[in-house]
Amino acid sequence: MNHKEKPKEKKPDAFHAPKGMHDILPVDEPYWEKIENAARSIGRSYGFGRIEPPVLEDAALYNKTSGEESDVVAKEMYTLRTKGDDLLALRPEYTPGVCRAYLEHGMSRLAPPQRLSYFGPVFRHDRPQLGRYREFTQIGFEVIGGQNDPIYDAEIITLSINLLAEVKLKDPTLKINSIGCRVCRPNYKRQLQNYYRQHVGELCEDCVRRLETNPLKLLDCKQPQCQPFKDRAPNFLDKLCSACKAHFRATLEYLEEVGITYEVDARLVRGLDYYNRTVFEIFADGKEAELGALGGGGRYDYLMEIIGGHATPALGVALGAERLIAALRAKEISLAARPVKKVFLAHAGTLAKKNAFALREELRRSGIMVAEALAKDSLGAQLKVADKEGVALALILGQREAYEKSVIMRDLSAGTQESVLLEKIVEEIKKRLKV
Ligand code: HAM
């Protein structure tokens, strides 16, 4: 570089959304609308009421419930220390926060069970990949209180399958298992430990640790080296106590009653610690199963006690909205496009511009969607935009129309136009557009 030349100004680096996080854009709107509407209408039809706990909660809430040993807490939780020295966490899931709110607001005094639903962002510092984000959206349903009756297990699963059907995701695969209770689980854990101790030298590092801290998680390991041991591990379903067996059998019978098919998967233990008895996961059919589970859930009858409440039967499910959308897109399921604007409003002159601004409000209030380029002063430039919008009608307000309180209505396909009094314009547009 010649020493007289000015050094080139370096452009600041462009900003990007944080890794694993994404923007939801207007082109995505039909998908989000479809899913939100389906979640709302299905939730209402089963008697659920909306609950939205704050995005931040005391980090200890998740340590105690989801489990210090779970990946979600041990590896993936976003935490922050406040100026007041509190350790808060961006919620890695909703269930503990919903239970905290249930207790805090004395909801156990309300008619049981309480059916609570939510729809919002969740954060996990996981490795981003297909179907896995660091910020994603959970649609969830929790049934808290009342009897420990398998009819609720079947209800939560049926609701989940119905929600998928409502967004046209048909024939999903439901995997279901029972992981027992305080009575039968310790026994099974011991058997599992005894079995795995014989292979300790061949297990992955995480499994060696799990063997002592949380043996059930051995069945959740995805490392290839641990798969053969997993396959030959003792089966929990054979070791369930009679109450857990009966609960599981009844859950399956209720599902059969409403025609829901299932696969019993004795290796399904789920990644969170609070579950007991029924656990399940739902996958899309075909190659969209690669996205990972569309939803998962189960019973958590001990969670309330862990956070200071009374023993309370409870269960729920959460579905990942982004995964549902990815499955819809991959299956090329078409959704109604965003509504198209059919009327263009243009002006010529300062007074006309003011009147056009007010007319747009009136049209909007009357339910007529208006395209416009009101900020452009040249009529020609405005009409060019009208061309791009592909509207059927253009309304043009000039100085003369502003004084006469009228507007020119131009039929863009026929190329004809007429003057219409402002007071009649809404009626006239609706007649023309047949709305
Ligand atoms: P989970 O299985 O951890 O369960 O998450 C539920 C659903 O959230 C998953 O099936 C998946 O669709 C979606 N999901 C999870 N992680 C990601 C990710 N990184 N990116 C995109 N989507 C993801 C729970 O969170 C429990 N709280 C569910 C529950 C409710 N159990 C009882 N009540």
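1. Helices (H or I, at least four residues) and strands (E, at least two) are DSSP runs, numbered from the N terminus. The model is a predicted one, in which local features need pLDDT of at least 70 and side-chain atom pairs count only at pLDDT 80 or more, while totals for chains, interfaces and linings use all residues. Residues are numbered from 1 along each chain as its sequence is written, and side-chain values use heavy atoms, with hydrogens and water left out.

2. Two residues other than glycine have a positive phi. D85, with a phi of about 70°, sits in the loop between β3 (79-81) and β4 (87-90). D85 counts as exposed because its relative accessibility is 51% (buried means under 20% relative accessible area, exposed over 50%, partly exposed in between, with a 1.4 Å probe and protein chains only). E332 is not a glycine either, and its phi is about 50°. The loop between α12 and β12 holds E332, which at 70% relative accessibility counts as exposed.

3. The peptide bond between P112 and P113 is cis, with omega about -5°. P113 belongs to the loop between α4 and β5. For context, most residues other than glycine have a negative phi, and most peptide bonds are trans.

4. Helix α1 (residues 29-45) packs on helix α5 (residues 150-166) at about 140°, the axes being 9 Å apart. That angle makes α1 oblique to α5. Axes here are lines fitted to C-alpha atoms, for helices over the stretch in contact, and angles run from 0 to 180 degrees between N-to-C directions. Angles under 35 degrees count as roughly parallel, over 145 as roughly antiparallel, 65 to 115 as roughly perpendicular and the rest as oblique. The crossing of α1 with α5 is right-handed; a crossing is left-handed if the near helix is turned anticlockwise from the far one by less than a right angle, and right-handed if clockwise.

5. On the α1 side of this packing are K34, A38, A39, S41 and I42, which meet L159, N162, L163 and E166 of α5 (contact means heavy atoms within 4.5 Å). By class, the contact of α1 with α5 has 5 nonpolar, 2 polar and 2 charged residues. Ala, Val, Leu, Ile, Met, Phe, Trp, Tyr, Cys and Pro count as nonpolar, Asp, Glu, Lys and Arg as charged, and the others, Gly among them, as polar.

6. α5 also packs with helix α10 (residues 242-257), at an angle of about 45° and with the axes 8 Å apart. α5 and α10 are therefore oblique to each other, and their crossing is right-handed. P150, I151, D153, A154, I157 and T158 of α5 meet H247, A250, T251, Y254 and L255 of α10. The classes in the contact of α5 with α10 are 7 nonpolar, 3 polar and 1 charged.

7. Helix α2 (residues 59-67) and helix α4 (residues 95-104) pack at about 110°, with axes 9 Å apart. This makes α2 roughly perpendicular to α4. L61, Y62, T65 and S66 of α2 make the contact with P96, G97 and R100 of α4.

8. Which residues of helix α12 (residues 321-330) are buried? They are A321, E322, L324, I325, A327 and L328. These buried residues pack against α1, β6 (135-144), α5 and β11 (314-320).

9. The whole structure has 7 aromatic pairs. Rings of Phe, Tyr and Trp (its six-membered ring) pair if their centres lie within 6.5 Å; planes under 30 degrees apart count as stacked, over 60 as edge-to-face and the rest as tilted. The W32 and F119 rings have centres 6.4 Å apart and planes at 70°, so the pair is edge-to-face. This pair links distant parts of the chain, with W32 in helix α1 and F119 in strand β5 (residues 114-123), 87 residues apart. Both W32 and F119 are buried. Y195 and Y196 also form an edge-to-face pair, at 5.1 Å centre to centre and 80° between the planes; both Y195 and Y196 are buried. Ring pairs join Y274, Y275 and Y300 in a cluster.

10. L345, in strand β12 (residues 343-347), is buried, with a relative accessible area of 0%. Leaving aside neighbours within four places in sequence, the contacts of L345 include A356, L359, V370, A373 and L395. L345 and A373 are 28 residues apart in sequence, and their C-alpha atoms are 7.7 Å apart.
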